[in-house]
Every structure is written in C-alpha cells, then in structure tokens.
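Hi everyone, thanks for coming. I'd like to walk you through one structure today, so please have a look at the screen.

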Amino acid sequence: MNIAINLERTALYFPDRTAVIQDGKRTRYGKFNEDASRVANGLKSLGIVPGDTVALFAPNSYHWLVFYFAALKMGARVATPASALTRDEIFNTFRDCRPKAVFTTDDRLNQLESMKDETGIEYLVAPGTQTSMDSLLDGGASRFKTVYCDRNEPAVILFTGGTTGISKGVPLSHENLQTSYQNVAFSERSTHEDRCLCFLPLNHVFGQIHIMGSTIYSGGSMVIQPGFDMDRALDAIKRHRVSKFYSVPTVYIRMLSINNLRKRLKSVRYCFSAAASMAAELVREWKTRMDLNIHEAYGMTESASMVTFNHTYQHVVGSVGTPANLVEVQIRGLDGSVLGPEEKGEICIRGPNIMKAYLNRPDETALGFWDDWFRSGDMGILDDRGYLYIVDRLKDLIITGGENVYPREVEELLYTRPEVQECAVVGLPDAEYGERVVAVIVPKPNRTIDADQLKTFFKTKVAHYKVPKVFMSVDEMPKSHAGKVLKRKLKKELLKGKGLGTT
C-alpha cells in the first residue's frame, strides 16, 4: 500500500481535469502527477531512500503538494510541522524527527542552515539553492514507479496543536490515512465534480487529510490559498464556483456579519467546520441565513481526522454525529469502566485510523491508551442512537467550590447573546473557590459587554456556580495555526493581565 497511488489513479482517470488552482493558475492531474514523479526522481538522485524522513516547512502552495507526493511515491516519510514555528520550536521538532531533506522558503534558510549538524538535515529545497524545486523538476524524468510500503508503515508525521502542552509527533500509517480519505469522501458524497477552497494550513490534520487527501482521492479540484483572507476567499468562491467550503468556527462567525451572504456563496453546496466545536446557536443561524447545515465531525491528529460525522440525512444540531466506517467509540469513566448511553465520560476510540504511538514518547503513548482504545482526553456523551456530543476537554474542566463546570456549556449560552461574537471560558485560581469561572468575550462590532446584564441573564439559565465571576472584553483570542483558541495561552495572558480590558 502507498497513499501516493491516489494521485496516480486520479491522474489515470482524469488526466485533463483541474487538480489545483493557485493565484488563478490551473494545473491538471496529469501534470501534477508528472511533476511529483520528476521530483521523486530528483530526491532519489540525492540519496533519499525508502524509510527516510523529509519535511515540509513552508506555507500552502502547489509546490508543497508536489514535494509531498514525490516523497510519498519513493516511500519516504513526510513530516509537516507548522510553517509559523519559531526557531527554537522547529529545532526541537527536527531534532525529534530528523529529516534528511527539508522543503522550505528562502526566509528560513539561515535558521535551518544553522541547525543542520544537530538535526540531521542534509538538503534544503528552497528558491536559490542548488536543490531548488525548479532544479528537481527540470532534472527528473516524468515517470516514477511508486514504492510499495507495508500498510502499517508510517507515511506522514503530523504534530499535535500543542493546545494543552508541548507539541508531539504523530506518525500516521498508509492504512490510517487511506481509511480516513475513504470515510471523508463517502460521508461528504464527494465526486470529481467538486471544487473546494483550502486556505487552512496543509501541515495540519484538517487541511492535509480531511481536505487535500480526500479531494485527491475522489478526483476533485482544490483552490489553494496561503491563509485566510475574507476578500480573497469570497472572490475565489465566486470566480471558481467553489462547491465545498471548509473552515473553522472563527471564520463562520465573521462570515455571518456579511450582507447578502447566501448570494455571495451561491455555488456552495456543502459547509464543514473543524478544529473546535461549533456553538449550536451559530449552526442554527447559518442554517437560517444559508439554508445549509454546517457539518461537523469529531477527530484529531492521532485519529488521522474523522472519528464521527454529523450526517447528511439526519443532521443533529449540537452533535458531532455517529462513528465513521470501521471506527468504534466508547465513553469510559476515569477508572476505565465503559459507561452507558447519556453517561458523561472520556471519549475512547478504536479503529484502523488510530496511530500506533507518539514519536519517541513511549511514556505518553502508554498513558494515551487503554489496551488498544485511544484515550482522546475529551469528555463526551453518546445518546441511545449513537450520536456523540462533546462536553469539553478533560483538561479544561473547571472545579469551583467543589463543583464541576464544563466551559462549553457556558460558552454555548454566551453565543445566544446578540453582543457576543466570540468567547472562551476558563478557570483561574481563586483563594476561596479553588478556581473561578472567567468568560473572555470578543464583542460584535459596535457592541459592548455589560457584566451586570450578563450575570442577570446567566442566573436565570444555569446553577449559580456556573455563572462567570468575571466577564472580560478583548479584541481577539490567541489561536493556533489551525484557528483553535489556545485556552492554555489565554489563561497565561489573563494571569499576567496582558492587554486585557475588564468589563
């Protein structure tokens, strides 16, 4: 098995169909596959062999995709850290995964040159270098016989978002990835007629596996952008008749402020949100404005994306759906006992999409599993129909005065308020209660936050211990490269009193 076969198969079936659009330039599948073969031959000539690790340390681009599939064709493992990492972060990452060659940008060359000896890097593929992409493309033959790999052999090494601590390497096998490609394509009813917009980072599990991998698997087209820009995104949707829109909750929140939204997105047939759970109130508002559901799935880096999917036929607002094909989900107590329907506990997962182990972290791997069931670290509930509901991150649980408060419940209520654009609820140390509930809010334009009004509202909706003790107004939230609110960083900023206006 080798997941690079997906590109070759699609190029065989649809050689003249558009694969990638970047800055208005269209590349067909036949050319995409030939370019990947040329670069694979070029990497082979450098001495890269099956089992070696190479890395992509650059923003989204067509050449990013070519290098990725070239390395896979020759049986190499592809590490994809975030392109925005600092010098120290990328040094630690590369010392861990030890890539032999790195695809990068010219502004990163000096940093990477300085760490070659300690990280094992031999070649830097960047503009102006001896091993630039242009030189690899010009020097290699347009045919390359894809190397066979065992289905359990690692194909890519992704990295966790680091929202609760230091980022960990996650080797995902060819079988892990192929399972998820097929589950995403089936669940979304993807076809070769679809065209999706990808401004989310390709280094991340959502962009790389859920969007890019499943799109190539099903023969669709991708419009690639280096990041989210509202005007560029709307222009691309109109210009290229985008049919599938993938994003994160913060972008959907911003888009709900656009006039004539349905007209601006008239080509879109399917909407999907990932990275963090959507507040049910936002999903309902989008449905009212667009007459389209925002579909959600539950997944993570360790599961190669999709674990559950909220259905096309019986979409349930507030749920992340039922388990995908070949994937099992259990809810377990903190002692490992299996819980029944409607009982709250940790979400545990088993299936051919689950990683085998973290990279070079045996202790964390042991803590992450109960036998062959992966412990997600998320709290959830399965109803009697098998629909999964996310309660919160286990590590985000707030214990105040001996009572448990799940931040998501408080956040859901905040999103029903007309003045709230975005919010996050965290627990801060408190001498009396142990922790106090703090609501951090980005107000909608031209709106203000009135703490007394909000406290009065909450007291009619939830138990007294769930009512935030403090409401804070901020201009923006700290976020990961994938758009997820970094609550750990937010708490640090709050404790330091860093640039926060208290309401």
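Let's start with glutamate 188, which counts as buried because its relative accessible area is 1%, where the cut-off for buried is under 20%. Keep in mind that this is a predicted model.

Which residues does glutamate 188 touch, once we leave aside neighbours within four places in sequence? The contacts are His210, Lys244, Tyr246, Arg269, Tyr270, Phe272 and Phe309. With one of these, tyrosine 246, glutamate 188 makes a side-chain to side-chain polar contact of 2.5 Å. Two others on that list, lysine 244 and tyrosine 270, have an arrangement of their own: the charged end of lysine 244 sits over the ring of tyrosine 270, 5.6 Å from the ring centre.

Now let me stay with tyrosine 246 and turn to aromatic rings. How many aromatic pairs does a search of the whole structure find? There are 18. Take phenylalanine 206 and tyrosine 246: their ring centres are 6.1 Å apart and their planes stand at 80°, so this pair is edge-to-face. Phenylalanine 206 belongs to helix H9, residues 205–218, while tyrosine 246 belongs to strand E11, residues 244–247, so the pair ties together parts that are 40 residues apart in sequence. Are these two residues buried or exposed? Both phenylalanine 206 and tyrosine 246 are buried.

Elsewhere, ring pairs link Tyr29, Phe32, Tyr62, Trp64, Tyr68 and Phe69 into a cluster. And there is another charge over a ring to point out: the charged end of lysine 168 sits over the ring of tyrosine 358, at 5.1 Å from its centre.

On to a sheet. This one is open, has 6 strands, and runs in the order E6-E5-E3-E4-E7-E8 with mixed pairing. From one strand to the next, the twist averages 20°.

At the E8 end, strand E7, residues 154–159, pairs with E8 in the antiparallel sense over 5 bridges. Proline 154, for instance, has serine 173 in E8 as its bridge partner.

Helix H3, residues 62–73, lies across E3, E4, E5, E6 and E7, running at about 170° to E3. Helix H4, residues 87–97, lies across E3, E4, E5 and E7, at about 160° to E3.

Next, a stop at glutamine 330, which is found in strand E16, residues 328–332. The side chain of glutamine 330 makes a polar contact of 2.9 Å with the side chain of arginine 332. Not counting residues up to four places away in sequence, glutamine 330 touches Val338, Glu346, Ile347, Cys348 and Trp373.

Let me finish with another glutamate. Is glutamate 476 buried or exposed? With a relative accessibility of 64%, glutamate 476 counts as exposed. This residue is in the loop between strand E25, residues 470–473, and helix H17, residues 487–496. From glutamate 476 to glycine 169, C-alpha to C-alpha, the distance is 29 Å in space, and they are 307 residues apart in sequence.

Thanks, everyone!

Notes
Residues numbered from 1 in each chain as written. Predicted model: local features only at pLDDT ≥ 70, side-chain atom pairs only at ≥ 80, totals over all residues. Heavy atoms only, no water. Pairing = 2+ DSSP bridges. Helix = DSSP H or I, 4+ residues; strand = E, 2+ residues; numbered from the N terminus. Axes fitted to C-alpha atoms, helices over the stretch in contact; angles between N-to-C directions. Contact = heavy atoms within 4.5 Å. Polar contact = N/O pair within 3.5 Å; in protein donor to acceptor, adjacent residues only side chain to side chain. Phe/Tyr/Trp six-rings, centres within 6.5 Å; stacked < 30°, edge-to-face > 60°. Buried < 20%, exposed > 50% of the residue type's maximum accessible area, 1.4 Å probe, protein only. Lys NZ or Arg CZ within 6 Å of the ring centre and 35° of its normal.
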